[in-house]
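Biologist: Could you walk me through this model and tell me what stands behind each word you use for it?
Modeller: Gladly; have a look first, and then ask away.

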There are 2 protein chains.
Amino acid sequence: MEKVSFADMPCSMANTLDIVGEWWSLLIIRDIFIGINRFNSLRDHLGIARNMLQRRLQRLDEGGIIYKYPLQNGHAEFRLTEAGVALYPVLLALASWGDEWLAEKPPNLFIHDACGNAVNATVVCNHCGEPLGSHNITQEPGPSMLEPDASRLRFLIKELKAAEK
Amino acid sequence: MEKVSFADMPCSMANTLDIVGEWWSLLIIRDIFIGINRFNSLRDHLGIARNMLQRRLQRLDEGGIIYKYPLQNGHAEFRLTEAGVALYPVLLALASWGDEWLAEKPPNLFIHDACGNAVNATVVCNHCGEPLGSHNITQEPGPSMLEPDASRLRFLIKELKAAEK
């Protein structure tokens, strides 16, 4: 399964999943955010096999999400890069979806320090602040999507719009 | 790998990944959003093996994300449930992260119909509207997290806060 790469698809979501979308990877990142950042702690907390954890950490390192930071005692811990830290809102959005659609009561609360409330992450437009969803977004080929992918996408979106009418 | 289940972890992110976190699953959902929703179209567009696609679709169906809708011509298409449609903002957040950290130029543009701009999805607090990140969120055990997980999490967060000082 892992021989397939999503890196060549003209889609930033696929490219993101190429780095963080492997089974376990986002959970490793989640754990590092709460301070579980040593190899053995991650293994124990996730119940993951050593060789699997090793491979996932290596992929996250190569993908620029984490790096290994040597400690004075000869051990090392894994830390998030700037790109890794920037994944936190994405994890919050995943958790909020799960809270809404899977959980009766939330297993975790995420308190927004500034306003003191437990948050449900909301995804909004960076220009006007309105909540975003498939009903108010129209996808189109961007500057780095080549033909024939661009024509294919335009055709699909045109069909979708026609079906909505 | 897939014998492991994240469903029992006291974490809505893990529970979400238990349904949509398998390699390919989010790409299948992405494709259904743009109207690629027949078995053969998905197989061709994703370049995925039939049996793998079959398993992923079945898991998404069982997880309440998609359902099979019979067409008059004897074929069927896959449609998103309400919970599936609610994943769109999460996909946008993944794509926006990839646009920012992986792409020189975005392969896709997501135009917000109301304001006409290409969006970068921003994750904000549903109470006060401020952008969220690991720097302004404090995680704590929620109503459905049991001991000893709750004590463990409280300890970890306390250590994190102490280290920040």
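Predicted model: local features only at pLDDT ≥ 70, side-chain atom pairs only at ≥ 80, totals over all residues.

What follows is a conversation about the terms and the values behind them.

Biologist: What does pLDDT say about chain A?
Modeller: pLDDT is the predictor's confidence in each residue, from 0 to 100. Chain A averages 92, and 98% of the residues score at least 70. The model also scores ipTM 0.93 and pTM 0.93.

Biologist: What are the domains of chain A?
Modeller: Domain 1 covers 12-85 and domain 2 covers 88-164; such bounds come from an automatic or database domain assignment. Their C-alpha centres lie 25 Å apart.

Biologist: How many residues of chain A are in contact with chain B?
Modeller: Two residues are in contact if their C-beta atoms, placed from the backbone, lie within 7 Å. On that basis, 79 residues of chain A are in contact with 79 residues of chain B. Helix α6(A) gives the most to this side of chain A, with 12 residues. Helices are DSSP runs of H or I with at least four residues, strands are runs of E with at least two, and both are numbered from the N terminus.

Biologist: What kinds of residues make up the side of chain A that touches chain B?
Modeller: They divide into 49 nonpolar, 21 polar and nine charged. Here Ala, Val, Leu, Ile, Met, Phe, Trp, Tyr, Cys and Pro count as nonpolar, Asp, Glu, Lys and Arg as charged, and the others, Gly among them, as polar.

Biologist: How do you know that β4(A) is joined to β4(B)?
Modeller: Strands pair if DSSP finds at least two bridges between them. Five bridges join β4(A) to β4(B), and the strands run antiparallel, so they meet that definition. Val123(A) stands opposite Val123(B). Five bridges also join β5(A) to β3(B), again antiparallel, and there Ile137(A) has His112(B) as its bridge partner.

Biologist: Why are the two copies described by a two-fold rotation axis?
Modeller: A rotation of 180° with 0.0 Å of shift along its axis superposes chain A on chain B, with RMSD 0.0 Å, and the copies are thus related as by a two-fold axis. Val123(A) comes closest to the axis of the residues of chain A, at 2.3 Å (C-alpha).

Biologist: Why is β4(A) called largely enclosed?
Modeller: A residue is buried if 20 or more other C-beta atoms lie within 10 Å of its own, exposed if 12 or fewer, and partly exposed in between, with C-beta atoms placed from the backbone. Five of the five residues of β4(A) are buried, so the strand is largely enclosed by the rest of the structure. Helix α1(A) is mostly covered, with eight of its nine residues buried. Its cover includes α2 and α4 of chain A together with α2, α6 and β3 of chain B.

Biologist: And why is Asp113(A) called exposed?
Modeller: Asp113(A) has 10 other C-beta atoms within 10 Å, so it is exposed. This residue is found in the loop between β3 and β4 of chain A. Leaving aside neighbours within four places in sequence, Asp113(A) is in contact with Asn136(B), Ile137(B) and Thr138(B).

Terms used: Residues numbered from 1 in each chain as written. Chains lettered and ligands numbered in written order. Least-squares fit on C-alpha atoms with pLDDT ≥ 70 in both.
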